[in-house]
Amino acid sequence: MTDAPSSHPGWVEQELYGWGRYPRIGSLVARPESQRGLVAAATSAASNGDSSSGLIAHGLGRSYGDVALLRNGRVILTRRLDRMLAFDESTGVLRCEAGVSLEDLLEVFLPRGWFPPVLPGTKFVTVGGAVANDIHGKSHHADGTFCDHVNSIDLLLASGEMVTVSRDQHSELFWATVGGIGLTGIILAVEFALRRVDGPWFETESIRIRDLDHFFEVSAASTGFTHVVSWIDTLAKGKRLGRGTFSRGRHAVGNNQPVGKGLFSKLPLTVPIDLPNLVLNPFTLRVFNEVFYRKQWRAETKGLVHFEPWFFPLDVIGNWNRGYGPRGMIQYQIVVPPDPEHRAIRTVIEGIATSGMGSFLAVLKEFGDNAHGGLSFPMPGVTLALDFPNYGKPLFELLNRMDRVVAEAGGRVYLGKDSRLSKEMFQQMYPGWQEWKAVRDEWDPTGRFQSELGRRLGLVQGPVDKAEEAA
Ligand SMILES: Cc1cc2nc3c(=O)[nH]c(=O)nc-3n(C[C@H](O)[C@H](O)[C@H](O)COP(=O)(O)OP(=O)(O)OC[C@H]3O[C@@H](n4cnc5c(N)ncnc54)[C@H](O)[C@@H]3O)c2cc1C
(Lines give C-alpha, C1' and ligand atoms only; values in the text may rest on other atoms or scores of the structure.)
Protein backbone atom coordinates (compact mmCIF):
# COMPACT_ATOMS: atom_id res chain seq x y z
CA MET A 1 0.00 0.00 0.00
CA THR A 2 1.61 3.25 -1.05
CA ASP A 3 0.37 6.72 -0.24
CA ALA A 4 0.87 9.61 -2.62
CA PRO A 5 -0.35 13.16 -2.08
CA SER A 6 -3.23 14.24 -4.28
CA SER A 7 -4.54 17.57 -5.50
CA HIS A 8 -7.56 17.08 -3.20
CA PRO A 9 -6.82 18.35 0.33
CA GLY A 10 -7.34 15.64 2.95
CA TRP A 11 -7.17 12.85 0.38
CA VAL A 12 -4.18 10.74 -0.66
CA GLU A 13 -3.80 8.40 -3.59
CA GLN A 14 -3.48 4.87 -2.32
CA GLU A 15 -3.70 1.32 -3.61
CA LEU A 16 -6.14 -0.72 -1.54
CA TYR A 17 -7.09 -4.37 -1.49
CA GLY A 18 -9.13 -6.76 0.57
CA TRP A 19 -7.86 -9.71 2.59
CA GLY A 20 -7.49 -11.83 -0.58
CA ARG A 21 -5.12 -9.15 -2.01
CA TYR A 22 -6.98 -9.46 -5.30
CA PRO A 23 -7.88 -7.18 -6.96
CA ARG A 24 -5.73 -4.18 -6.02
CA ILE A 25 -7.23 -0.85 -6.85
CA GLY A 26 -5.99 2.74 -6.59
CA SER A 27 -8.34 5.34 -5.11
CA LEU A 28 -8.41 8.65 -3.33
CA VAL A 29 -8.41 7.76 0.34
CA ALA A 30 -9.27 9.76 3.48
CA ARG A 31 -8.76 8.59 7.06
CA PRO A 32 -10.90 10.87 9.26
CA GLU A 33 -10.30 10.99 13.02
CA SER A 34 -13.87 11.74 14.05
CA GLN A 35 -17.46 11.62 12.86
CA ARG A 36 -17.25 15.32 12.12
CA GLY A 37 -14.10 14.72 10.04
CA LEU A 38 -15.84 11.92 8.20
CA VAL A 39 -18.82 14.08 7.34
CA ALA A 40 -16.44 16.83 6.16
CA ALA A 41 -14.54 14.34 3.96
CA ALA A 42 -17.76 13.00 2.45
CA THR A 43 -19.00 16.55 1.83
CA SER A 44 -15.72 17.63 0.26
CA ALA A 45 -15.90 14.62 -2.07
CA ALA A 46 -19.37 15.66 -3.16
CA SER A 47 -18.42 19.28 -3.76
CA ASN A 48 -15.35 18.51 -5.84
CA GLY A 49 -17.30 18.25 -9.02
CA ASP A 50 -16.31 14.70 -9.84
CA SER A 51 -19.68 13.36 -8.81
CA SER A 52 -19.30 10.33 -11.04
CA SER A 53 -16.47 8.99 -8.93
CA GLY A 54 -18.54 7.75 -5.99
CA LEU A 55 -17.70 6.98 -2.39
CA ILE A 56 -17.42 3.86 -0.24
CA ALA A 57 -16.53 3.10 3.39
CA HIS A 58 -13.67 0.72 4.21
CA GLY A 59 -13.26 -0.80 7.67
CA LEU A 60 -10.42 -3.19 8.48
CA GLY A 61 -10.33 -4.61 4.94
CA ARG A 62 -11.16 -8.17 6.08
CA SER A 63 -13.57 -8.68 3.21
CA TYR A 64 -11.66 -10.74 0.71
CA GLY A 65 -12.52 -9.22 -2.65
CA ASP A 66 -13.69 -5.88 -4.04
CA VAL A 67 -16.68 -5.05 -1.86
CA ALA A 68 -14.85 -2.20 -0.09
CA LEU A 69 -12.85 -0.98 -3.12
CA LEU A 70 -13.57 1.65 -5.75
CA ARG A 71 -11.67 2.46 -8.94
CA ASN A 72 -11.71 6.15 -9.93
CA GLY A 73 -13.45 6.86 -6.68
CA ARG A 74 -13.01 7.80 -3.06
CA VAL A 75 -12.68 5.50 -0.12
CA ILE A 76 -13.17 6.59 3.49
CA LEU A 77 -11.25 4.51 6.04
CA THR A 78 -13.39 4.29 9.16
CA ARG A 79 -11.03 2.59 11.61
CA ARG A 80 -10.30 5.77 13.59
CA LEU A 81 -13.95 6.19 14.49
CA ASP A 82 -13.35 3.97 17.47
CA ARG A 83 -15.17 5.56 20.39
CA MET A 84 -17.49 3.74 22.76
CA LEU A 85 -20.44 6.14 23.14
CA ALA A 86 -22.76 4.63 25.77
CA PHE A 87 -23.07 1.36 27.68
CA ASP A 88 -25.92 0.08 29.85
CA GLU A 89 -24.38 -2.27 32.41
CA SER A 90 -27.79 -3.73 33.27
CA THR A 91 -28.75 -4.82 29.72
CA GLY A 92 -25.42 -5.02 27.89
CA VAL A 93 -26.65 -2.56 25.24
CA LEU A 94 -23.69 -0.68 23.74
CA ARG A 95 -23.63 2.30 21.39
CA CYS A 96 -20.28 2.71 19.64
CA GLU A 97 -18.76 4.24 16.54
CA ALA A 98 -18.57 2.12 13.42
CA GLY A 99 -14.77 1.81 13.41
CA VAL A 100 -14.67 -0.01 16.78
CA SER A 101 -13.39 -3.52 16.12
CA LEU A 102 -14.49 -6.82 17.59
CA GLU A 103 -11.00 -6.99 19.11
CA ASP A 104 -11.68 -3.65 20.88
CA LEU A 105 -14.99 -5.03 22.19
CA LEU A 106 -13.32 -8.15 23.56
CA GLU A 107 -10.55 -6.15 25.23
CA VAL A 108 -12.89 -3.65 26.89
CA PHE A 109 -15.93 -5.76 27.73
CA LEU A 110 -14.85 -9.35 28.30
CA PRO A 111 -13.07 -8.50 31.56
CA ARG A 112 -16.45 -7.00 32.65
CA GLY A 113 -18.31 -10.21 31.72
CA TRP A 114 -19.71 -9.20 28.31
CA PHE A 115 -19.10 -10.89 24.95
CA PRO A 116 -19.90 -9.77 21.37
CA PRO A 117 -23.18 -11.36 20.24
CA VAL A 118 -21.65 -12.95 17.13
CA LEU A 119 -18.00 -13.52 16.22
CA PRO A 120 -16.69 -14.41 12.73
CA GLY A 121 -13.41 -16.27 12.11
CA THR A 122 -11.31 -13.18 12.86
CA LYS A 123 -11.54 -10.46 15.49
CA PHE A 124 -10.08 -7.83 13.12
CA VAL A 125 -13.46 -6.66 11.83
CA THR A 126 -15.14 -3.31 12.50
CA VAL A 127 -18.70 -2.97 13.76
CA GLY A 128 -19.55 -1.08 10.53
CA GLY A 129 -18.17 -3.99 8.47
CA ALA A 130 -20.06 -6.46 10.66
CA VAL A 131 -23.34 -4.70 9.86
CA ALA A 132 -22.59 -4.06 6.18
CA ASN A 133 -21.87 -7.75 5.55
CA ASP A 134 -24.40 -8.95 8.15
CA ILE A 135 -21.70 -11.28 9.40
CA HIS A 136 -22.33 -14.71 10.88
CA GLY A 137 -20.26 -17.01 13.06
CA LYS A 138 -20.16 -20.52 14.45
CA SER A 139 -23.37 -19.80 16.38
CA HIS A 140 -25.67 -18.87 13.49
CA HIS A 141 -28.09 -21.70 14.32
CA ALA A 142 -28.33 -20.38 17.90
CA ASP A 143 -27.76 -16.61 17.65
CA GLY A 144 -28.50 -15.62 14.05
CA THR A 145 -26.29 -12.92 12.52
CA PHE A 146 -24.63 -9.85 14.05
CA CYS A 147 -27.55 -7.69 12.88
CA ASP A 148 -30.04 -9.79 14.85
CA HIS A 149 -28.56 -8.05 17.90
CA VAL A 150 -28.55 -4.53 16.43
CA ASN A 151 -31.13 -2.03 17.71
CA SER A 152 -30.29 0.96 15.56
CA ILE A 153 -27.79 2.38 13.08
CA ASP A 154 -26.74 6.02 12.59
CA LEU A 155 -26.25 6.49 8.86
CA LEU A 156 -24.71 9.30 6.82
CA LEU A 157 -26.87 9.54 3.71
CA ALA A 158 -25.98 10.51 0.16
CA SER A 159 -27.73 13.86 0.80
CA GLY A 160 -25.25 14.64 3.61
CA GLU A 161 -27.97 14.27 6.24
CA MET A 162 -27.70 11.83 9.13
CA VAL A 163 -30.52 9.51 10.03
CA THR A 164 -31.05 6.86 12.69
CA VAL A 165 -32.63 3.69 11.32
CA SER A 166 -34.08 0.76 13.23
CA ARG A 167 -36.78 -1.90 12.93
CA ASP A 168 -39.34 0.87 13.64
CA GLN A 169 -37.69 3.95 12.17
CA HIS A 170 -37.16 3.95 8.40
CA SER A 171 -37.29 0.19 8.66
CA GLU A 172 -36.89 -0.34 4.90
CA LEU A 173 -33.55 1.54 5.04
CA PHE A 174 -32.53 -0.36 8.18
CA TRP A 175 -33.06 -3.71 6.41
CA ALA A 176 -31.35 -2.49 3.23
CA THR A 177 -28.32 -1.46 5.34
CA VAL A 178 -28.19 -4.88 7.06
CA GLY A 179 -25.87 -6.70 4.67
CA GLY A 180 -26.12 -3.65 2.38
CA ILE A 181 -22.35 -3.75 1.64
CA GLY A 182 -21.89 -0.04 2.32
CA LEU A 183 -24.09 1.06 -0.58
CA THR A 184 -26.86 2.72 1.43
CA GLY A 185 -24.60 5.21 3.24
CA ILE A 186 -21.75 5.42 5.74
CA ILE A 187 -22.52 3.89 9.12
CA LEU A 188 -21.40 6.30 11.82
CA ALA A 189 -22.53 4.45 14.95
CA VAL A 190 -24.38 1.28 15.91
CA GLU A 191 -26.39 0.30 18.99
CA PHE A 192 -26.42 -3.42 19.74
CA ALA A 193 -26.59 -5.87 22.63
CA LEU A 194 -23.60 -7.70 24.10
CA ARG A 195 -24.10 -11.06 25.84
CA ARG A 196 -23.42 -11.82 29.52
CA VAL A 197 -20.81 -14.55 29.99
CA ASP A 198 -19.00 -15.98 32.99
CA GLY A 199 -15.57 -15.77 31.39
CA PRO A 200 -13.46 -16.48 28.31
CA TRP A 201 -13.68 -20.25 28.54
CA PHE A 202 -15.41 -22.61 26.16
CA GLU A 203 -16.39 -26.24 26.65
CA THR A 204 -15.45 -27.87 23.37
CA GLU A 205 -15.39 -31.24 21.67
CA SER A 206 -13.78 -32.23 18.40
CA ILE A 207 -14.95 -35.26 16.44
CA ARG A 208 -13.34 -36.89 13.46
CA ILE A 209 -15.69 -36.93 10.43
CA ARG A 210 -15.47 -39.88 8.00
CA ASP A 211 -17.45 -38.42 5.09
CA LEU A 212 -20.20 -35.99 4.15
CA ASP A 213 -23.08 -38.11 5.47
CA HIS A 214 -21.25 -38.42 8.78
CA PHE A 215 -20.89 -34.61 8.89
CA PHE A 216 -24.67 -34.17 8.60
CA GLU A 217 -25.27 -36.85 11.27
CA VAL A 218 -22.92 -35.17 13.74
CA SER A 219 -24.32 -31.74 12.89
CA ALA A 220 -27.87 -32.94 13.58
CA ALA A 221 -26.73 -34.42 16.88
CA SER A 222 -25.07 -31.16 17.96
CA THR A 223 -28.15 -29.07 18.77
CA GLY A 224 -27.06 -28.86 22.41
CA PHE A 225 -24.03 -26.82 21.34
CA THR A 226 -24.35 -23.12 20.56
CA HIS A 227 -21.20 -23.05 18.41
CA VAL A 228 -20.31 -25.54 15.66
CA VAL A 229 -17.88 -25.67 12.75
CA SER A 230 -16.20 -28.31 10.65
CA TRP A 231 -12.94 -28.30 8.69
CA ILE A 232 -12.84 -30.63 5.69
CA ASP A 233 -10.21 -32.05 3.37
CA THR A 234 -11.14 -30.84 -0.12
CA LEU A 235 -8.80 -33.27 -1.83
CA ALA A 236 -10.47 -36.41 -0.41
CA LYS A 237 -12.63 -38.16 -2.99
CA GLY A 238 -14.96 -41.17 -3.29
CA LYS A 239 -15.88 -42.76 0.03
CA ARG A 240 -13.79 -40.20 1.92
CA LEU A 241 -15.47 -37.17 0.32
CA GLY A 242 -16.16 -34.60 3.03
CA ARG A 243 -13.86 -36.16 5.64
CA GLY A 244 -12.60 -33.76 8.26
CA THR A 245 -13.06 -32.72 11.82
CA PHE A 246 -16.16 -31.37 13.55
CA SER A 247 -15.75 -28.92 16.38
CA ARG A 248 -18.53 -27.90 18.73
CA GLY A 249 -18.69 -25.85 21.91
CA ARG A 250 -20.52 -23.51 24.24
CA HIS A 251 -19.66 -20.84 26.78
CA ALA A 252 -18.48 -22.48 30.00
CA VAL A 253 -20.81 -21.67 32.87
CA GLY A 254 -19.53 -20.77 36.33
CA ASN A 255 -15.92 -20.49 35.24
CA ASN A 256 -14.53 -17.00 35.63
CA GLN A 257 -10.82 -17.58 35.93
CA PRO A 258 -9.00 -14.33 35.17
CA VAL A 259 -8.93 -13.34 31.52
CA GLY A 260 -5.60 -11.57 31.35
CA LYS A 261 -4.47 -10.43 27.93
CA GLY A 262 -5.91 -12.24 24.93
CA LEU A 263 -3.73 -15.18 23.99
CA PHE A 264 -3.01 -13.79 20.54
CA SER A 265 -3.09 -10.11 21.34
CA LYS A 266 0.49 -9.57 20.30
CA LEU A 267 0.39 -11.62 17.08
CA PRO A 268 3.58 -13.56 17.87
CA LEU A 269 3.98 -14.77 14.28
CA THR A 270 3.62 -12.77 11.10
CA VAL A 271 4.32 -13.31 7.41
CA PRO A 272 6.39 -10.17 6.76
CA ILE A 273 6.75 -10.57 2.98
CA ASP A 274 4.91 -12.21 0.11
CA LEU A 275 5.86 -15.86 -0.13
CA PRO A 276 6.61 -17.02 -3.66
CA ASN A 277 3.60 -18.50 -5.47
CA LEU A 278 5.40 -21.84 -5.45
CA VAL A 279 5.06 -22.20 -1.69
CA LEU A 280 1.35 -22.96 -1.86
CA ASN A 281 0.74 -25.34 -4.74
CA PRO A 282 -1.18 -28.60 -5.31
CA PHE A 283 1.64 -30.64 -3.72
CA THR A 284 1.89 -28.58 -0.52
CA LEU A 285 -1.88 -28.53 -0.46
CA ARG A 286 -2.07 -32.33 -0.44
CA VAL A 287 0.54 -32.51 2.32
CA PHE A 288 -1.27 -29.82 4.35
CA ASN A 289 -4.63 -31.59 4.16
CA GLU A 290 -3.11 -34.97 5.00
CA VAL A 291 -1.18 -33.60 7.98
CA PHE A 292 -4.12 -31.54 9.19
CA TYR A 293 -6.47 -34.50 9.00
CA ARG A 294 -4.05 -36.92 10.69
CA LYS A 295 -3.36 -34.35 13.42
CA GLN A 296 -7.06 -33.99 14.05
CA TRP A 297 -7.38 -37.78 14.27
CA ARG A 298 -4.94 -37.81 17.12
CA ALA A 299 -6.45 -34.67 18.57
CA GLU A 300 -10.04 -35.95 18.92
CA THR A 301 -10.74 -34.28 22.22
CA LYS A 302 -13.06 -32.81 24.80
CA GLY A 303 -12.03 -29.95 27.03
CA LEU A 304 -12.12 -26.44 28.31
CA VAL A 305 -10.32 -23.98 26.02
CA HIS A 306 -9.79 -20.23 25.93
CA PHE A 307 -12.19 -18.86 23.32
CA GLU A 308 -9.52 -17.06 21.31
CA PRO A 309 -7.58 -19.87 19.57
CA TRP A 310 -10.86 -21.72 19.16
CA PHE A 311 -12.65 -18.84 17.43
CA PHE A 312 -9.72 -17.31 15.59
CA PRO A 313 -7.21 -20.05 14.71
CA LEU A 314 -5.82 -17.99 11.82
CA ASP A 315 -5.37 -14.74 13.74
CA VAL A 316 -2.31 -16.28 15.41
CA ILE A 317 -0.32 -15.60 12.22
CA GLY A 318 -0.37 -11.93 11.32
CA ASN A 319 -0.75 -11.27 7.58
CA TRP A 320 -1.21 -14.97 6.86
CA ASN A 321 -2.79 -13.94 3.57
CA ARG A 322 0.71 -13.09 2.30
CA GLY A 323 1.46 -16.80 2.31
CA TYR A 324 -0.52 -16.99 -0.91
CA GLY A 325 2.08 -14.94 -2.74
CA PRO A 326 1.79 -11.81 -4.87
CA ARG A 327 -1.13 -13.13 -6.95
CA GLY A 328 -3.25 -13.27 -3.81
CA MET A 329 -6.07 -15.66 -3.08
CA ILE A 330 -9.72 -16.16 -3.86
CA GLN A 331 -12.13 -17.04 -1.11
CA TYR A 332 -15.32 -18.75 -2.23
CA GLN A 333 -18.15 -19.11 0.26
CA ILE A 334 -21.51 -20.54 -0.71
CA VAL A 335 -24.70 -21.65 1.00
CA VAL A 336 -27.19 -24.13 -0.48
CA PRO A 337 -30.65 -24.89 0.93
CA PRO A 338 -31.32 -28.10 2.86
CA ASP A 339 -31.66 -31.22 0.70
CA PRO A 340 -32.00 -34.73 2.19
CA GLU A 341 -29.57 -36.07 -0.41
CA HIS A 342 -27.11 -33.15 -0.14
CA ARG A 343 -26.71 -33.13 -3.94
CA ALA A 344 -25.46 -29.59 -4.59
CA ILE A 345 -22.91 -29.51 -1.76
CA ARG A 346 -21.66 -32.96 -2.81
CA THR A 347 -21.31 -31.80 -6.42
CA VAL A 348 -19.36 -28.71 -5.36
CA ILE A 349 -16.97 -30.66 -3.09
CA GLU A 350 -16.53 -33.35 -5.77
CA GLY A 351 -15.91 -30.70 -8.45
CA ILE A 352 -13.18 -29.15 -6.34
CA ALA A 353 -11.61 -32.49 -5.37
CA THR A 354 -11.39 -33.64 -9.00
CA SER A 355 -10.06 -30.28 -10.22
CA GLY A 356 -6.91 -30.82 -8.14
CA MET A 357 -7.15 -27.15 -7.09
CA GLY A 358 -8.34 -28.04 -3.59
CA SER A 359 -8.55 -25.38 -0.96
CA PHE A 360 -6.05 -25.06 1.90
CA LEU A 361 -8.77 -24.21 4.33
CA ALA A 362 -12.31 -25.48 3.90
CA VAL A 363 -15.00 -24.81 6.45
CA LEU A 364 -18.40 -26.52 6.43
CA LYS A 365 -21.33 -25.60 8.67
CA GLU A 366 -25.11 -25.75 8.75
CA PHE A 367 -26.87 -22.41 9.17
CA GLY A 368 -30.00 -21.98 11.28
CA ASP A 369 -33.40 -20.93 9.94
CA ASN A 370 -32.98 -17.23 10.17
CA ALA A 371 -32.55 -15.12 6.94
CA HIS A 372 -32.81 -11.37 6.33
CA GLY A 373 -33.38 -11.10 2.58
CA GLY A 374 -31.92 -8.23 0.56
CA LEU A 375 -28.19 -8.77 0.07
CA SER A 376 -27.66 -10.57 3.37
CA PHE A 377 -25.91 -13.91 2.80
CA PRO A 378 -27.00 -16.37 5.52
CA MET A 379 -30.06 -18.52 4.81
CA PRO A 380 -31.15 -21.98 5.96
CA GLY A 381 -28.85 -24.65 4.54
CA VAL A 382 -25.23 -25.70 4.56
CA THR A 383 -22.39 -23.26 3.96
CA LEU A 384 -18.92 -24.06 2.63
CA ALA A 385 -16.00 -21.59 2.65
CA LEU A 386 -12.87 -22.26 0.60
CA ASP A 387 -9.53 -20.46 0.20
CA PHE A 388 -7.73 -20.92 -3.12
CA PRO A 389 -4.41 -19.56 -4.25
CA ASN A 390 -5.24 -17.33 -7.20
CA TYR A 391 -4.59 -19.85 -9.98
CA GLY A 392 -6.16 -17.44 -12.51
CA LYS A 393 -8.30 -18.63 -15.44
CA PRO A 394 -8.64 -22.34 -14.56
CA LEU A 395 -9.83 -21.43 -11.05
CA PHE A 396 -12.27 -18.81 -12.34
CA GLU A 397 -13.71 -21.36 -14.81
CA LEU A 398 -14.11 -23.92 -12.02
CA LEU A 399 -15.88 -21.41 -9.78
CA ASN A 400 -18.14 -20.30 -12.65
CA ARG A 401 -19.24 -23.95 -13.00
CA MET A 402 -19.80 -24.17 -9.24
CA ASP A 403 -21.84 -20.94 -9.33
CA ARG A 404 -24.29 -22.60 -11.71
CA VAL A 405 -24.67 -25.63 -9.41
CA VAL A 406 -25.25 -23.33 -6.44
CA ALA A 407 -27.72 -21.06 -8.25
CA GLU A 408 -29.72 -24.00 -9.61
CA ALA A 409 -30.00 -25.41 -6.09
CA GLY A 410 -31.38 -22.04 -4.87
CA GLY A 411 -28.17 -21.09 -3.06
CA ARG A 412 -25.83 -18.12 -3.18
CA VAL A 413 -22.26 -16.82 -2.95
CA TYR A 414 -21.18 -14.58 -0.01
CA LEU A 415 -20.65 -11.07 -1.46
CA GLY A 416 -18.33 -10.08 1.40
CA LYS A 417 -15.82 -12.61 0.12
CA ASP A 418 -16.40 -12.23 -3.60
CA SER A 419 -14.27 -10.73 -6.37
CA ARG A 420 -15.55 -12.50 -9.48
CA LEU A 421 -19.26 -13.42 -9.47
CA SER A 422 -21.17 -12.44 -12.65
CA LYS A 423 -24.17 -10.12 -12.64
CA GLU A 424 -26.41 -12.85 -14.11
CA MET A 425 -25.49 -15.40 -11.44
CA PHE A 426 -25.85 -12.76 -8.70
CA GLN A 427 -29.39 -11.90 -9.83
CA GLN A 428 -30.39 -15.54 -9.76
CA MET A 429 -28.83 -16.09 -6.33
CA TYR A 430 -30.28 -12.99 -4.63
CA PRO A 431 -33.93 -12.85 -5.74
CA GLY A 432 -34.59 -9.88 -3.42
CA TRP A 433 -31.97 -7.68 -5.16
CA GLN A 434 -34.49 -5.52 -7.06
CA GLU A 435 -36.44 -4.56 -3.91
CA TRP A 436 -33.13 -3.86 -2.18
CA LYS A 437 -32.04 -1.65 -5.11
CA ALA A 438 -35.33 0.23 -5.15
CA VAL A 439 -34.80 1.24 -1.49
CA ARG A 440 -31.17 2.12 -2.08
CA ASP A 441 -31.97 4.22 -5.18
CA GLU A 442 -34.66 6.09 -3.29
CA TRP A 443 -32.16 7.16 -0.59
CA ASP A 444 -29.24 7.64 -2.99
CA PRO A 445 -30.84 8.84 -6.24
CA THR A 446 -27.59 10.20 -7.73
CA GLY A 447 -25.55 7.06 -7.02
CA ARG A 448 -23.04 8.59 -4.53
CA PHE A 449 -22.25 5.30 -2.84
CA GLN A 450 -20.51 2.88 -5.14
CA SER A 451 -18.08 -0.01 -5.01
CA GLU A 452 -16.22 -2.18 -7.46
CA LEU A 453 -18.45 -5.11 -6.54
CA GLY A 454 -21.58 -2.97 -6.77
CA ARG A 455 -20.65 -1.90 -10.29
CA ARG A 456 -19.76 -5.44 -11.39
CA LEU A 457 -23.08 -6.80 -10.15
CA GLY A 458 -25.14 -3.98 -11.64
CA LEU A 459 -26.23 -2.63 -8.26
CA VAL A 460 -24.84 0.84 -8.95
CA GLN A 461 -23.75 2.64 -12.08
CA GLY A 462 -20.08 3.44 -12.54
CA PRO A 463 -18.68 6.14 -14.84
CA VAL A 464 -18.30 3.64 -17.71
CA ASP A 465 -21.93 2.47 -17.42
CA LYS A 466 -23.13 6.07 -17.32
CA ALA A 467 -21.09 7.04 -20.40
CA GLU A 468 -22.43 4.01 -22.29
CA GLU A 469 -25.99 4.87 -21.31
CA ALA A 470 -25.56 8.47 -22.48
CA ALA A 471 -24.09 7.41 -25.87
C1 LIG B 1 -9.87 -14.90 8.52
C2 LIG B 1 -11.24 -14.36 8.22
C3 LIG B 1 -12.34 -15.04 8.71
C4 LIG B 1 -13.62 -14.56 8.45
N5 LIG B 1 -14.68 -15.26 8.95
C6 LIG B 1 -15.94 -14.82 8.70
C7 LIG B 1 -17.06 -15.49 9.24
O8 LIG B 1 -16.93 -16.49 9.95
N9 LIG B 1 -18.29 -14.98 8.99
C10 LIG B 1 -18.48 -13.85 8.25
O11 LIG B 1 -19.63 -13.43 8.07
N12 LIG B 1 -17.43 -13.20 7.71
C13 LIG B 1 -16.17 -13.65 7.93
N14 LIG B 1 -15.10 -12.97 7.42
C15 LIG B 1 -15.36 -11.76 6.62
C16 LIG B 1 -15.48 -10.51 7.50
O17 LIG B 1 -16.13 -10.78 8.72
C18 LIG B 1 -16.34 -9.49 6.76
O19 LIG B 1 -15.85 -9.28 5.47
C20 LIG B 1 -16.42 -8.14 7.48
O21 LIG B 1 -17.41 -7.37 6.87
C22 LIG B 1 -15.09 -7.39 7.44
O23 LIG B 1 -15.21 -6.18 8.19
P24 LIG B 1 -14.21 -4.98 7.92
O25 LIG B 1 -14.31 -4.03 9.05
O26 LIG B 1 -12.86 -5.51 7.62
O27 LIG B 1 -14.88 -4.32 6.64
P28 LIG B 1 -14.29 -4.12 5.16
O29 LIG B 1 -13.82 -5.42 4.65
O30 LIG B 1 -13.36 -2.99 5.12
O31 LIG B 1 -15.65 -3.72 4.41
C32 LIG B 1 -16.67 -4.69 4.28
C33 LIG B 1 -17.96 -4.02 3.81
O34 LIG B 1 -18.44 -3.21 4.84
C35 LIG B 1 -18.62 -1.90 4.37
N36 LIG B 1 -18.33 -1.01 5.50
C37 LIG B 1 -17.29 -1.05 6.36
N38 LIG B 1 -17.42 -0.06 7.26
C39 LIG B 1 -18.56 0.61 6.95
C40 LIG B 1 -19.21 1.74 7.47
N41 LIG B 1 -18.75 2.41 8.53
N42 LIG B 1 -20.34 2.15 6.87
C43 LIG B 1 -20.85 1.51 5.80
N44 LIG B 1 -20.27 0.44 5.26
C45 LIG B 1 -19.14 0.00 5.83
C46 LIG B 1 -17.65 -1.74 3.21
O47 LIG B 1 -18.07 -0.73 2.32
C48 LIG B 1 -17.77 -3.12 2.60
O49 LIG B 1 -18.92 -3.18 1.79
C50 LIG B 1 -13.80 -13.39 7.67
C51 LIG B 1 -12.69 -12.71 7.17
C52 LIG B 1 -11.41 -13.18 7.45
C53 LIG B 1 -10.23 -12.43 6.92
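Buried means under 20% relative accessible area, exposed means over 50%, and partly exposed lies in between (1.4 Å probe, protein chains only). The model is predicted, so local features need pLDDT of at least 70 and side-chain atom pairs count only at pLDDT 80 or more, while totals for chains, interfaces and linings use all residues. Residues are numbered from 1 along each chain as its sequence is written, and side-chain values use heavy atoms, with hydrogens and water left out.

**Exercise 1.** Decide whether Ser451 is buried or exposed, and find what it touches.

*Solution.* Start with the location: Ser451 sits in the loop between helix H12 (433-443) and helix H13 (452-456). Helices (H or I, at least four residues) and strands (E, at least two) are DSSP runs, numbered from the N terminus. Next, take the relative accessible area of Ser451, which is 0%, so Ser451 is buried. Finally, list the contacts (heavy atoms within 4.5 Å). Apart from neighbours within four places in sequence, Ser451 touches Ile56, Asp66, Val67, Leu69, Leu70, Leu183 and Val460.

**Exercise 2.** Work out how H9 and H10 are oriented to each other, and sort the residues of their contact.

*Solution.* Axes here are lines fitted to C-alpha atoms, for helices over the stretch in contact, and angles run from 0 to 180 degrees between N-to-C directions. The axes of H9 (residues 343-355) and H10 (residues 393-408) come within 9 Å and cross at roughly 170 degrees. Now apply the classes: under 35 degrees is roughly parallel, over 145 roughly antiparallel, 65 to 115 roughly perpendicular, and the rest oblique. H9 and H10 are therefore roughly antiparallel. H9 contributes Ala344, Thr347, Val348, Gly351, Ile352 and Ser355 to the contact, and H10 contributes Leu398, Met402, Val405 and Val406. Sorted, these are seven nonpolar, three polar and no charged residues. (Ala, Val, Leu, Ile, Met, Phe, Trp, Tyr, Cys and Pro count as nonpolar, Asp, Glu, Lys and Arg as charged, and the others, Gly among them, as polar.)

**Exercise 3.** Identify the buried residues of helix H6 and what covers them.

*Solution.* In H6 (residues 212-220), the buried residues are Leu212, His214, Phe215, Phe216, Val218 and Ser219. Their cover includes strands E13 (201-209), E14 (227-232), E15 (244-251) and E20 (362-367), along with H9 and E21.

**Exercise 4.** Place Gly381 in the fold and judge its accessibility.

*Solution.* Gly381 belongs to strand E21 (residues 381-389). Its relative accessibility is 6%, so Gly381 counts as buried. Among its contacts beyond four places in sequence are Val335, Pro337 and Lys365.
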